[in-house]
Structure formats: structure tokens, C-alpha cells
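Visitor: Hi! I have just opened this one and would like a hand finding my way around. Can we take it piece by piece?

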Amino acid sequence: MLVSAKEMLQKAKAGHYAVGQFNINNLEWTKAILLTAQEMNSPVILGVSEGAGKYMCGYKTIVGMVEGMIEGLGITVPVALHLDHGSYEGALKCIEAGFSSVMFDGSHYPIDENIAKTKELVALCNEKGISLEAEVGSIGGEEDGVIGAGECADPNECKMIADLGVTMLAAGIGNIHGKYPANWPGLSFETLDAIQQKTGAMPLVLHGGTGIPADMIAKAIDLGVSKINVNTECQLSFAAATRTYIEEGKDLQGKGFDPRKLLAPGTEAIKATVREKITLFGSANKA
Ligand SMILES: [Zn+2]
């Protein structure tokens, strides 16, 4: 059964660790992440962007796949199925389709409009027992056509949104989606600290987890980050392992062209990345 991310994130905040949100793209991705979370006895959040939602033939297809897999693979750790960077309409569709968590990314709206729309969704999510993530201050880089400049959020605006009753809050602290450029100045811990002071027990979310050095991750968790999003890193590991398989000519040997064989090294590579992240975030054995 899918669960809201509320309890797992409140426990993470209190216990000074973070739960990973790993974005999914297909069956192999989902299976790799669920099996690894189960193996490590860790709670897990499966992230779905609107683009990935379309790719996987709609939110209902995804709910069916994930629920079926939880049953079929005997997954007993807490699993939340979460819309990543949702529009207002996207959030409504996911709530309807059976997601257990949604993000409404109103960071590109003026703060008053972000507040008004977030407020409406808080009421709806509370009624359904679904967790809601809000965002203040856009996150750098590009994700499914959403481009952010990587600004630092205003701690006072963070408090205004947190006070609406959202479950968790994403705030820009200089983080970027995708690969970090060589001249990236790093996370702004000053901003994170100020946000945490203002928002108290609210679990904070760090987007763009790919390529942030381990010591910065540890410090961010120390300063109140309890959910870290990982997307690009699984894509890079999958692509590298698949490339090796083909470059070694394995698809040309015997039944190496069988998709179950062709996609196996990439799937194993996702597992290795997820394992590494769960260890780094400290959520192993916290299910
Ligand atoms: Zn993000």
C-alpha cells in the first residue's frame, strides 16, 4: 500500500537523516528502486515528473504499476508515490489517480498566488491524507522544461508557505537540477540555516541531489533537510552500464538482444546508485 510521506519525513527530521526521492521512468527504474529500499529496510519516495507521467502513459498507469509491484515483489517498507514539480492541474490529476504525495511547484508565481494555490491544495490533501510539498525560490537548471535560475529562497516567504500547513518544503539554496557546472559556488548553508530557524520542525527538501559532495549533503541534513531528490544520477548510471553492455558486443552474443538481458546491467547500476544514496542519507534500517 502506498503511504503519505508525512510520517517518514517527520521521523527523518527528528532522527537527523534524509529519505531519498528517486524519480522513476519505467518498470526497470521502479523495480530497481523498490527492491533496493526493501533490501536496505529504508523508507522511499518514488518521484514522477509531469513529463515522466506522460511518458509512462498517465498517472493511473503509474499507480497501477507501483501498487502491483509493491504486492508482487512483497515490498513492506513505506513507499510514497509523489508528483515532482507539479502544476496545480497536475497535482489535482495525481490526487485523483491515487498518488499518495504531490508537489505543487508554485515558485514561478508571485508569492501571493503561490500562497493562494498552495492553500487550496493543503485543504484537499489534508482531506485525502496525502502529503504536499511546496516550493519557494526556484531551483536552478532545467527539469522537464521548467527552468530555474538557482536563486536562494527568502526565509520569510518560506515561513509564510510553511505556515499554510504543507507537509514538506523545497527551498532554493543555490542547488541545481542536472549536472553541476565546474564553477558552481556550492550550497548556501547560511540560507538553509535561516530557513530552518524560521520553519522549525518542517521537513526541508533538497532538489538536485546529483553531484552534491557528500560533506555538503551531511551538513544539509544537519541543518534540517529530510528529503533529497535524486534523478539525473540514476539516469547516468543506467546509461553508462547500458553503453558498456553494447560496446562489449554482448547484445550480439546468444540471446543478448533479449530486453530482459539488455536492460539488466542498467537496472543493476540504478540499484547500486540507490544503495549508495540510501547509505549517504542515513535512511537504511529506518523503515
Ligand atoms: Zn526538483
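Visitor: Which residues of helix 4 are buried?
Guide: In this predicted model, the buried residues of helix 4 are Tyr 59, Ile 62 and Val 66. Looking down the axis of helix 4, you would find these buried residues within an arc of 60°, so they line one face of the helix.

Visitor: And what is exposed on the other side of helix 4?
Guide: There you will find Thr 61, Gly 68, Glu 71 and Gly 72, which are exposed.

Visitor: How far apart are the end C-alpha atoms of helix 4?
Guide: They are 20 Å apart. Helix 4 has 14 residues, 59–72, and at 1.5 Å a residue it should span 20 Å, which agrees.

Visitor: What follows helix 4?
Guide: Gly 74 follows helix 4, and its phi is positive, near 65°.

Visitor: Let's hop to helix 6. Which residues are buried there?
Guide: In helix 6 they are Asn 114, Thr 118, Leu 121 and Cys 125. Seen down the axis, the buried residues of helix 6 sit within an arc of 70°, so they too line one face of their helix.

Visitor: Which residues are exposed on the other side of helix 6?
Guide: Asp 112, Ala 123 and Glu 127 are exposed there. As for the buried residues of helix 6, what covers them includes helix 5, helix 7, strand 4 (101–104) and strand 5 (131–136).

Visitor: How many residues does helix 6 have, and how far does it reach?
Guide: Helix 6 covers residues 111–128, so to speak its 18 residues, and reaches 25 Å from the first C-alpha to the last; that is close to the 26 Å expected at 1.5 Å a residue. Just after helix 6, Gly 129 has a positive phi of about 70°.

Visitor: You keep mentioning phi. Which residues other than glycine have a positive value?
Guide: His 16 is one of them, with phi near 60°. Another is His 85, with a positive phi of about 50°. For background, most residues other than glycine have a negative phi.

Visitor: Where does His 16 lie?
Guide: His 16 is in the loop between helix 1 (6–15) and strand 1. It counts as partly exposed because it has 13 C-beta neighbours inside 10 Å.

Visitor: And His 85, buried or exposed?
Guide: His 85 counts as buried, because 26 C-beta neighbours lie inside 10 Å. Its place is in strand 3.

Visitor: New topic: how do helix 7 and helix 8 cross?
Guide: The axes of helix 7 (residues 155–162) and helix 8 (residues 189–199) come within 9 Å and cross at roughly 35°. The crossing is right-handed.

Visitor: Which residues meet there?
Guide: From helix 7 come Pro 155, Asn 156, Cys 158, Lys 159 and Ala 162, and they meet Ala 194, Ile 195, Lys 198 and Thr 199 of helix 8. By type, the residues of this contact divide into 5 nonpolar, 2 polar and 2 charged.

Visitor: Can you show me a single residue too? Why does Phe 22 count as buried?
Guide: Phe 22 is buried because 27 other C-beta atoms lie within 10 Å, and 20 or more is the cut-off. You will find Phe 22 in strand 1 (residues 19–23).

Visitor: What is Phe 22 in contact with?
Guide: Leaving aside neighbours within four places in sequence, the contacts of Phe 22 are Ile 33, Val 44, Leu 46, Gly 47, Val 230, Cys 234 and Val 274.

Visitor: One last stop: what does Leu 280 touch?
Guide: Not counting residues up to four places away in sequence, Leu 280 touches Ala 214 and Ile 217. Leu 280 is in helix 12 (residues 264–281), and counts as buried with 20 C-beta neighbours inside 10 Å. Leu 280 and Ala 18 are 262 residues apart in sequence, and their C-alpha atoms are 8.9 Å apart in space.

Technical notes:
Residues are numbered from 1 along each chain as its sequence is written. This is a predicted model: local features need pLDDT of at least 70, side-chain atom pairs count only at pLDDT 80 or more; totals for chains, interfaces and linings use all residues. Helices (H or I, at least four residues) and strands (E, at least two) are DSSP runs, numbered from the N terminus. A residue is buried if 20 or more other C-beta atoms lie within 10 Å of its own, exposed if 12 or fewer, and partly exposed in between; C-beta atoms are placed from the backbone. The arc is that of the directions from the helix axis to the C-beta atoms. Axes are lines fitted to C-alpha atoms, for helices over the stretch in contact, and angles run from 0 to 180 degrees between N-to-C directions. A crossing is left-handed if the near helix is turned anticlockwise from the far one by less than a right angle, and right-handed if clockwise. Two residues are in contact if their C-beta atoms, placed from the backbone, lie within 7 Å. Ala, Val, Leu, Ile, Met, Phe, Trp, Tyr, Cys and Pro count as nonpolar, Asp, Glu, Lys and Arg as charged, and the others, Gly among them, as polar.
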